[in-house]
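Here's a quick briefing to read with the coordinates open. Start with the overall picture, then zoom in on the individual residues.

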Amino acid sequence: GCTSAYATLTDLLANAGAYINSQNTNGIIWITEGQIADTNVITIDGSTFTNWSNYDLTLQGGWSGVNGDTTIGANSVFFVPITIANWNSNVAIQNIFVELTSVAAPQDNGISITNVNGNVNLDRVRVDRTAGAAGGGVYIDSLTNSEIVIDNVSITGSSGFGLGIITAGGDVTINNSYFANTLSDYNRLFFPWGDGVDIYNNGGSMTITHSQFIENALDGLYTPLAGNISINQSQFAGNIGNGFLGGSTGSITIDQSQFTGNLGAGANIFASGDISVEQSQFTGNYYGLAGGSYSNVSIEQSQFTTNLDTGLYLVGVENVTLNHVTANGNWMGALVAYASDVNVSGGAFTMNGTGLCFILVNSVNFDVSSPTNITNNGINVATGDYCSDPYNPPQPKPITFLQSQGELFALDCITAQHRYVVRLANGDRGEIYCPVTGKASIDRVD
């Protein structure tokens, strides 16, 4: 049954903790909406509540205070950190706002859930720190493959990290959440860099939807050891490092997301499996997208514009597909290096220092049925063992077109300096050395 009502969570634990610990059932702590009068750090420790820790624990804020009424209103507001430690079952925190305005010890996170062996769910949680209130935002660690779900969470002004997660292979899902203005704090033991979100889930999948990573002191989102990664309809803007820095033992998918004004790369990623990017924008970063993979890379209907260095930078990949990709106004539109086959269809690479650069690529194939606009660059297409600046073009290497005999097709061969190879359906091959002007016919080359 329910306990008596108490003015603070500290009072509840002191006066009713023994009774709660004696109950063999999952429990919900109902917390009234509005400000809560706790003045000391709140700790619910499974080492103390050894029986209770074997059952699910929910901190449910926003309660009306009326017995039997489960309607949820405005968040409950705490002005002290909350810690849940050594819990053997599931933990949920809902409708809680932790607002820290005084200077706390460097290791005091707004919310800490440590050494948990069950799943963790945070829903409609907010952690804000004002200037001088040192400490991380939300910290979660699990020695098991606990599933972590972060939904409708906002964390701003933390130091060291906004959200920090460590699991032994658990899946992490972040939805409708906001992480901004994290500061670095190198006095911290874990996650000192000032990232908005740090996730070490050691092979577990990571799914990000409808979330924002804004103006953090280093990376917006950092995860070096995830399994499959999916980012959908999310924004990474104004971070001092990368918008997203991530490594995957599986595949990486980015869809309908924006990476804008990050001082590093908009996204800097490596995957053992495939990389797929669709309908996403990379604008005004140092690099737009920098990626590597042991497998295939597909970039479709995405834009890479006004990045300081290279819009799209792919190194050490297998087959690459660039389908209706736009890369305009970068120092280099797109660079592909140490790849197998590259297939380009549609799109535009214009107003760059170098439009397209291919380094030690097995073959490059342009789809003549869906022409690609490669014009008005310092160098339109560069190939070779390296890509130099527009004023020192590299030596030509072949770029292959598949073409039907007797048909006309267009090549940007006025300013480009490289060799085109034209292969006919019957296996005949011709070569064009650029630059040339006007129209030309080519004979078979044996």
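What follows goes from the whole chain down to single contacts.

This is a predicted model, where local features need pLDDT of at least 70, side-chain atom pairs count only at pLDDT 80 or more, and totals for chains, interfaces and linings use all residues. Residues are numbered from 1 along each chain as its sequence is written, and side-chain values use heavy atoms, with hydrogens and water left out.

**Overall make-up**

- The secondary structure of the protein chain comes to one helix and 42 strands; helices (H or I, at least four residues) and strands (E, at least two) are DSSP runs, numbered from the N terminus.
- Of the 446 residues in the protein chain, 52% count as buried. Buried means under 20% relative accessible area, exposed means over 50%, and partly exposed is in between, with a 1.4 Å probe and protein chains only.
- If you take the contacts (heavy atoms within 4.5 Å) between residues at least 6 apart in sequence, 48% join residues at least 24 apart.

**Nonpolar cores**

- The largest nonpolar core has 86 residues, and those with the most contacts inside it are Ile44, Leu122, Leu221 and Phe244. A core here is a set of buried Ala, Val, Leu, Ile, Met, Phe, Trp, Tyr and Cys residues joined through side-chain atoms within 4.5 Å.

**Aromatic rings**

- The count comes to 19 aromatic pairs. Rings of Phe, Tyr and Trp (its six-membered ring) pair if their centres lie within 6.5 Å; planes under 30 degrees apart count as stacked, over 60 as edge-to-face and the rest as tilted.
- Tyrosine 286 and tyrosine 287 make an edge-to-face pair, because their planes are at 80°, with ring centres 5.0 Å apart. Tyrosine 286 is partly exposed at 34% relative accessibility, and tyrosine 287 is partly exposed at 23%.
- Tyrosine 287 also pairs with tyrosine 313: the centres are 5.5 Å apart and the planes sit at 70°, so this one is edge-to-face too. The pair links distant parts of the chain, with tyrosine 287 in strand β27 (residues 287-293) and tyrosine 313 in strand β30 (residues 310-315), 26 residues apart. Tyrosine 313 is partly exposed, at 26%.
- One aromatic cluster is made up of Phe179, Phe213, Phe236, Phe244, Phe259, Phe282 and Phe304.

**Charged side chains**

- There are two salt bridges, taking a salt bridge as a side-chain nitrogen of Lys or Arg within 4 Å of a carboxyl oxygen of Asp or Glu.
- Aspartate 123 and arginine 124 form one of them, at 3.0 Å from N to O. Aspartate 123 is buried at 14% relative accessible area, whereas arginine 124 is partly exposed at 38%.
- Arginine 126 bridges to aspartate 128, with the closest N and O atoms 2.7 Å apart. Here aspartate 128 is buried at 13% and arginine 126 is partly exposed at 38%.
- Arginine 126 also has its charged end over the ring of phenylalanine 97, 4.3 Å from the centre. The cut-off for that is NZ of Lys or CZ of Arg within 6 Å of the ring centre and within 35 degrees of the ring normal.

- Aspartate 38 and threonine 8 are 30 residues apart in sequence, yet 5.4 Å apart from C-alpha to C-alpha. Leaving aside neighbours within four places in sequence, aspartate 38 is in contact with Thr8, Leu9, Thr10, Phe78 and Val80.
- Serine 159 sits in the loop between β11 (148-156) and β12 (161-166), buried at 7%. A polar atom of the serine 159 side chain is 2.6 Å from the backbone nitrogen of glycine 135.
- Asparagine 262, in the loop between β23 (258-260) and β24 (265-271), is buried at 1% relative accessible area. Beyond four places in sequence, the residues that asparagine 262 touches include Phe236, Gly241, Asn285 and Tyr286.

Methods. Polar contact = N/O pair within 3.5 Å; in protein donor to acceptor, adjacent residues only side chain to side chain.
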